[in-house]
Structures are given as C-alpha cells and as structure tokens.
Amino acid sequence: MDLLIENISTYIPLSAADEKIIRSLFHKKVINKDEHLLKEGQVCRHVIFIEEGLVRYYLSNNGEEQTNYFNKEGEWVCDYTSFLPKAPTTVNI
C-alpha cells in the first residue's frame, strides 16, 4: 500500500487523513500467473494499481495471442475504452 500512496503523492500532496481514506478505499488482491484481470467481452469495472509483478495486455486474433503492451509494478492498469463508457472490452489483461 505504501507504493500506492507514494505514487498518488507524486501528483497531489496527501495529508495523513488523505492517506487513511486511500487505504480504506483500495483493497489488495493477489492475481496468480495466467489469471485474467479482464477478458475480451467483459466490462472493465476497476482501475488497478500494480504493487508487484507484471501484467500483459493482449488481443486474440483467430486463436493467436497478440501482445500489445505490458504494465509493471508502480503503474496503473485499466481498459479505459471499456471502463468509461461501460462497454465490453476487446482486450485481455
């Protein structure tokens, strides 16, 4: 959670009260290797902060996986083209 607080505080100053609120709003979830955060056709409902590890964005093209990019620890993950309009995604994360 400290990495999350540090990341947010690079954009805006945080008081101790702010940090407490952030800690109450975010929940740690462990994602295992080969587990999906989001699959094609689902609606993205979360913005995720990577505390540790690496995630891959990819498309399925006629049964073949085409990697678009990666996000690493200290970065945010979301398919905003799905999240904002609440529309089904075309990517897998």
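1. Basis. The model is predicted: local features need pLDDT of at least 70, side-chain atom pairs count only at pLDDT 80 or more, and totals for chains, interfaces and linings use all residues. Residues are numbered from 1 along each chain as its sequence is written, and side-chain values use heavy atoms, with hydrogens and water left out.

2. Fold. The protein has three helices and four strands. Their order along the sequence is α-α-β-β-β-β-α. Helices (H or I, at least four residues) and strands (E, at least two) are DSSP runs, numbered from the N terminus. The C-alpha trace spans about 50 × 25 × 20 Å along its principal axes.

3. Of the 93 residues, 24% count as buried. Buried means under 20% relative accessible area, exposed over 50%, partly exposed in between (1.4 Å probe, protein chains only). Among contacts (heavy atoms within 4.5 Å) with a separation of 6 or more, 54% join residues 24 or more positions apart.

4. Cores. The largest nonpolar core has nine residues: Leu 38, Cys 44, Ile 50, Val 55, Tyr 57, Val 77, Cys 78, Val 91 and Ile 93. A second, separate core has six residues, including Leu 4, Ile 5, Ile 8 and Phe 49. A nonpolar core is a set of buried Ala, Val, Leu, Ile, Met, Phe, Trp, Tyr and Cys residues joined through side-chain atoms within 4.5 Å. Leaving out residues up to four places away in sequence, Cys 78 touches Cys 44, His 46, Val 47, Tyr 57, Phe 83 and Ile 93.

5. Thr 89. This residue lies in the segment after H3. Thr 89 is buried, at 4% relative accessibility. Beyond four places in sequence, Thr 89 touches Leu 38, Lys 39, Glu 40, Gly 41, Gln 42, Asp 79 and Ser 82.

6. Positive phi. Most residues other than glycine have a negative phi. Asp 34 has a positive phi of about 70°. Asp 34 sits in the loop between helix H2 (16-25) and strand S1 (48-49), and is exposed at 71% relative accessible area. Asn 62 has a positive phi near 55°. Its loop runs between strand S2 (54-61) and strand S3 (64-72). Asn 62 is exposed too, at 77%.

7. Leu 84. Which residue lies in the segment after helix H3 (80-83)? Leu 84 does, and Leu 84 is exposed, with a relative accessible area of 60%.
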